[in-house]
Amino acid sequence: IALSSEPEVGEILGKDIDTTQKNYDTLLSALGQRLDTDAEQLLLKRTLIAGKDFTLARTELVAARDSGLTSRIQQVYAKRFLPASNTLLFALHTLVQSQRDALDASAKEVARQGGMARAALWVFGALSLVIGTFLGLWLVRSITRPIALAGATADRVAGLDLRQDITGQQRDVAGRVLASLEVMH
């Protein structure tokens with residue numbers, strides 16, 4: 001734009017530049033509301049300062065273009081616009097890198113917590129399996145032992161062997177059978 005002798009180029013591209021500047025300002029404002037740490041806010045402040053300096057340099061470049069002196073345009077471009085744009089690009093790069101580092105740190109934390117959750121699930125699953133096995137064995141034993149005792153007692157009574165005492169707990173079916181056999185004894 002600065003070196004173009006056609007005023008239409010400046011008018012056409014000037015609108016695009018203004019739109020881009022508005023979008024840039026909106027995005028930086030939204031980003032500023034999301035930054036949490038003082039270090040991030042400092043990087044944003046440096047970026048904003050560099051952006052203001054770039055805008056001033058751009059204005060100076062447009063004014064130099066309007067003067068029509070090619071040497072003045074080249075001087076403002078080399079000594080004012082180019083350094084300001086490089087400073088802004090560096091500030092933006094630093095801010096972006098800071099956000100990437102924060103995202104990487106967050107991703108590592110999520111991965112770490114995910115690993116801990118998987119480990120906890122494995123431990124819980126193994127513990128549930130062990131407890132379930134012991135409870136299952138206890139339940140099978142508490143059912144089969146009285147039934148086996150009732151069956152053995154019924155076999156002895158059927159064989160007319162009444163020498164042993166018959167005892168049972170009346171809490172379950174097998175216990176009631178044993179109690180009935182005891183009455184019969």
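A: Begin with burial: a residue is buried under 20% relative accessible area, exposed over 50% and partly exposed in between, with a 1.4 Å probe and protein chains only. The model is predicted, so local features need pLDDT of at least 70 and side-chain atom pairs pLDDT 80 or more, while totals for chains, interfaces and linings use all residues. Residues are numbered from 1 along each chain as its sequence is written, and side-chain values use heavy atoms, without hydrogens and water.

Q: Is Gln21 buried or exposed?

A: Gln21 counts as buried because its relative accessibility is 18%. Gln21 belongs to helix α1; a helix here is a DSSP run of H or I, at least four residues, numbered from the N terminus.

Q: Which residues does Gln21 touch?

A: Contact means heavy atoms within 4.5 Å. Not counting residues up to four places away in sequence, Gln21 touches Thr55 and Arg58.

Q: How is a nonpolar core read?

A: In soluble globular proteins, nonpolar side chains tend to be buried together. A nonpolar core is a set of buried Ala, Val, Leu, Ile, Met, Phe, Trp, Tyr and Cys residues joined through side-chain atoms within 4.5 Å. The largest one has 12 residues, among them Phe54, Leu61, Phe81 and Leu88. Helices α2 and α3 (70–158) each supply at least two of its residues, and α3 gives the most, with 6 residues.

Q: Which residues is Leu88 in contact with?

A: Leaving aside neighbours within four places in sequence, Leu88 is in contact with Tyr24, Thr47, Ala50, Gly51 and Phe54.
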